[in-house]
Amino acid sequence: MTTDVHAPAPASPAPRLLRNRAYLLLMTGLTARSLGMGIAGFAIPLVALAITGDVLSAGIISAVGGAGYLLATLPAGVVADRVDRRTLILIAAGVAGALWLTAAGALWMGALHPVHLAIVSFGSQVATAFVGPADDGGLRSVVPAEQMPAARATVEGRESVAALISGPVGGLLYAVSHALPLLGSAIGNLVAAIGAVLIRRPLNGDLGEARRTHPVAALVEGLRYVGSQPLFVVMIALAIVLNTASNGSTVAVTLDLADRGTDPFLIGLLSTMIGASLLIGSFLAPLIVQRVRTGVIVPACMAVMSLAFLAMAIFPTYGAILACYSVAYLLAPALNASIFSYAAVITPEQMQGRFSSVAALSGAASFPLAPLVGSGLLSGVGLATTLLVLALVLVGVAIALALFRPLTRIGTPDTWAAGAA
């Protein structure tokens, strides 16, 4: 790679980003959509449990939505590199918003069937899969390479705020009416669609060049690019395990509390603790990323997360779980900001959407797996054993990352371009 990347002073990128209208509109839409989807994600297991009366059925309905995201992830990256990304965000977010409106209306009238909820969850996640690479590719198009760590840290901060408030807001809305969280998701997606309309500058590079390649060939090219990077391959594989274990534990805890009749607001506080941990971490992320090697940040993050989850497994009480969630994700924003910024800097612009979609497999694969793993273990062995099994998996991931040489040799942002070359 020939891109010349220099480490910016920690405070310098912020004013320039704040004057970047396209970036601000992308972030506004992303925040609204993240908040809406977070509220819906909190409510879906509870709504499914309420209309089915069965813990495993609720997990299956949640898994159906994750399957939609997984199936659409790779095609979405190809599409995001071949069409106008602003239009793609508008259509996909608009479709997701409309789907959630149908579910909210049916539930409001007491006519929501489990199949209807599963279809809406599936369709909205398919739409979300298309918005993701369009957002990521658009971000790289409107933000200079030297500002990417600051931009990614800001993304982490906004998503942390969404995670911080989505749980309690979802709990309060659910207590008023089971339909209101679904309506909140619809509104969040519609705000993202409106934001895409207001963006005036292109979010793509040369579309003509991209369209000269057959879609299947473009997909193969993207897979070949990611497959040629051992770092990307191993990180994606381990992230699938990590996301399945961590999200599966959250599903198990949520369903266990709901099955015992816990107040929805108290259940929502779990998401609040996760969000608070992420929010604090997002403020620390820019400083950490600029001054600490990426190869140190990732293992350190996993060590903190593993120890927190292991403590949660040993002491599976509500108070202990709440406390563990408050520290488990403190370094996650720094991890995401460093790894995704590094990937954005070394990946060609015309490959951004496809790389994003392939990388998203780490989350996409966990979406259907986590509810099944969490609900399946919970129904079979109970909460304490479920948490212990998943915590030990996280310990294994932490050890593997600490020993992975292509990761541990990555330095600070000022060395990324030279190291990639």
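In this predicted model, Gln125 has a relative accessible area of 17% and is therefore classed as buried, since the cut-off for that class lies under 20%. The residue belongs to helix H5, which spans residues 114-142. When neighbours within four places in sequence are set aside, the contacts of Gln125 are with Met37, Gly65, Gly66, Gly68, Tyr69 and Phe367.

Residues up to four places away in sequence not being counted, Asp256 touches Leu378 and Leu383. Ile399, by contrast, counts as partly exposed because its relative accessibility is 49%, and this residue is found in helix H17, which covers residues 366-402. Although Ile399 and Ser306 stand 93 residues apart along the chain, a distance of 9.7 Å separates their C-alpha atoms.

The protein chain as a whole comprises 19 helices and zero strands. Of its 421 residues, 54% are buried. Where contacts join residues at least 6 apart in sequence, 88% of them link residues that are at least 24 apart.

On the side of H12 the contact is formed by Val304, Met305, Ala308, Phe309, Ala311 and Met312, and on the side of H13 by Ile321, Cys324, Tyr325, Val327 and Ala328. By class, the contact of H12 with H13 consists of eleven nonpolar residues, with no polar and no charged residues. Cys324, one of the residues of this contact, has a relative accessible area of 11% and is therefore buried.

For helix H3 (residues 55-82) and helix H9 (residues 215-227), the axes come within 10 Å and cross at roughly 110°, an angle that falls in the range of 65 to 115 degrees, and H3 and H9 are therefore roughly perpendicular to each other. Here Leu74, Val78 and Arg82 of H3 meet Pro215, Ala218, Leu219 and Leu223 of H9. The contact of H3 with H9 contains six nonpolar residues, no polar residues and one charged residue.

With regard to cysteines, Cys301 counts as buried because its relative accessibility is 1%. Under the criterion that a pair of cysteine sulfur atoms lie within 2.5 Å, the count of disulfides comes to zero.

The mean pLDDT of the protein chain is 80, and 90% of the residues score at least 70. Among the elements of the chain, helix H4 (residues 85-108) has the highest mean pLDDT, at 90, whereas helix H1 (residues 13-18) has the lowest, at 58. Over residues 1-15 the pLDDT is below 50, and this stretch has 18 contacts in the model beyond near neighbours in sequence. Where pLDDT is low, the predicted coordinates should not be read in detail.

Definitions and conventions:
Residues are numbered from 1 along each chain as its sequence is written. This is a predicted model: local features need pLDDT of at least 70, side-chain atom pairs count only at pLDDT 80 or more; totals for chains, interfaces and linings use all residues. Side-chain values use heavy atoms; hydrogens and water are left out. Helices (H or I, at least four residues) and strands (E, at least two) are DSSP runs, numbered from the N terminus. Buried means under 20% relative accessible area, exposed over 50%, partly exposed in between (1.4 Å probe, protein chains only). Contact means heavy atoms within 4.5 Å. Ala, Val, Leu, Ile, Met, Phe, Trp, Tyr, Cys and Pro count as nonpolar, Asp, Glu, Lys and Arg as charged, and the others, Gly among them, as polar. pLDDT is the predictor's confidence in each residue, from 0 to 100. Axes are lines fitted to C-alpha atoms, for helices over the stretch in contact, and angles run from 0 to 180 degrees between N-to-C directions. Angles under 35 degrees count as roughly parallel, over 145 as roughly antiparallel, 65 to 115 as roughly perpendicular and the rest as oblique.
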